[in-house]
Amino acid sequence: MQKLFLALIACYRYCISPFLGNNCRFYPSCSSYAQQAIVRHGALRGGWLSVRRLSRCHPWHEGGLDPVPDNKD
């Protein structure tokens, strides 16, 4: 499942993102955040973190630095 999510993110980053431009209000970008979260936390928790991050991506949020949280293991 993790490899499927990472492949979908890579497809988005190389096929769709160049046409949308650099509009992300966060650093790292949402796709980079999702990739890091899935690699670091696995498909389930990393996917959840990515969905939470995407839900904050709207014009009324100030954005800024938002790194992937560390494991609590």
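A residue is called buried when its relative accessible area is under 20%, exposed when that area is over 50%, and partly exposed in between, as found with a 1.4 Å probe on protein chains only. The structure above is a predicted model, in which local features need pLDDT of at least 70 and side-chain atom pairs count only at pLDDT 80 or more, while totals for chains, interfaces and linings use all residues. Residues are numbered from 1 along each chain as its sequence is written, and side-chain values use heavy atoms, with hydrogens and water left out.

Helix 2 covers residues 30-41, and its 12 residues reach 16 Å from the first C-alpha to the last, close to the 16 Å expected at 1.5 Å a residue; the expected span is 1.5 Å times one less than the number of residues. The buried residues of this helix are Cys30, Ser31, Ser32, Tyr33, Ala34, Ala37, Ile38 and His41, and they pack against helix 1 (2-20), strand 1 (26-27) and helix 3 (43-55). Gln36 is also found in helix 2, but with a relative accessible area of 32% Gln36 is partly exposed. Leaving aside residues up to four places away in sequence, Gln36 touches Pro28 and Val68, where contact means heavy atoms within 4.5 Å.

Pro28 itself lies in the loop between strand 1 and helix 2, and the peptide bond that leads from Tyr27 to Pro28 is cis, with omega near -5°. Just after helix 2, Gly42 takes a positive phi of about 95°.

On the helix 1 side the contact is made by Gln2, Phe5, Leu6, Ile9, Tyr12 and Arg13, and on the helix 2 side by Ser31, Ser32, Ala34, Gln35, Ile38 and Val39. By class, this contact has 7 nonpolar, 4 polar and 1 charged residues, where Ala, Val, Leu, Ile, Met, Phe, Trp, Tyr, Cys and Pro count as nonpolar, Asp, Glu, Lys and Arg as charged, and the others, Gly among them, as polar. Arg13, which has its place in helix 1, counts as partly exposed at 29% relative accessibility, and among the residues that Arg13 touches are Ser31, Ser32 and Gln35.

The second pair is helix 2 with helix 3, whose axes come within 7 Å and cross at roughly 155°, and these two helices are therefore also roughly antiparallel to each other. Helix 2 brings Cys30, Tyr33, Ala34, Ala37, Ile38 and His41 to the contact, and helix 3 brings Ala43, Arg45, Gly46, Gly47, Leu49, Ser50, Arg53 and Leu54. By class, the contact of helix 2 with helix 3 has 8 nonpolar, 4 polar and 2 charged residues.

Technical notes. Helices (H or I, at least four residues) and strands (E, at least two) are DSSP runs, numbered from the N terminus. Axes are lines fitted to C-alpha atoms, for helices over the stretch in contact, and angles run from 0 to 180 degrees between N-to-C directions. Angles under 35 degrees count as roughly parallel, over 145 as roughly antiparallel, 65 to 115 as roughly perpendicular and the rest as oblique.
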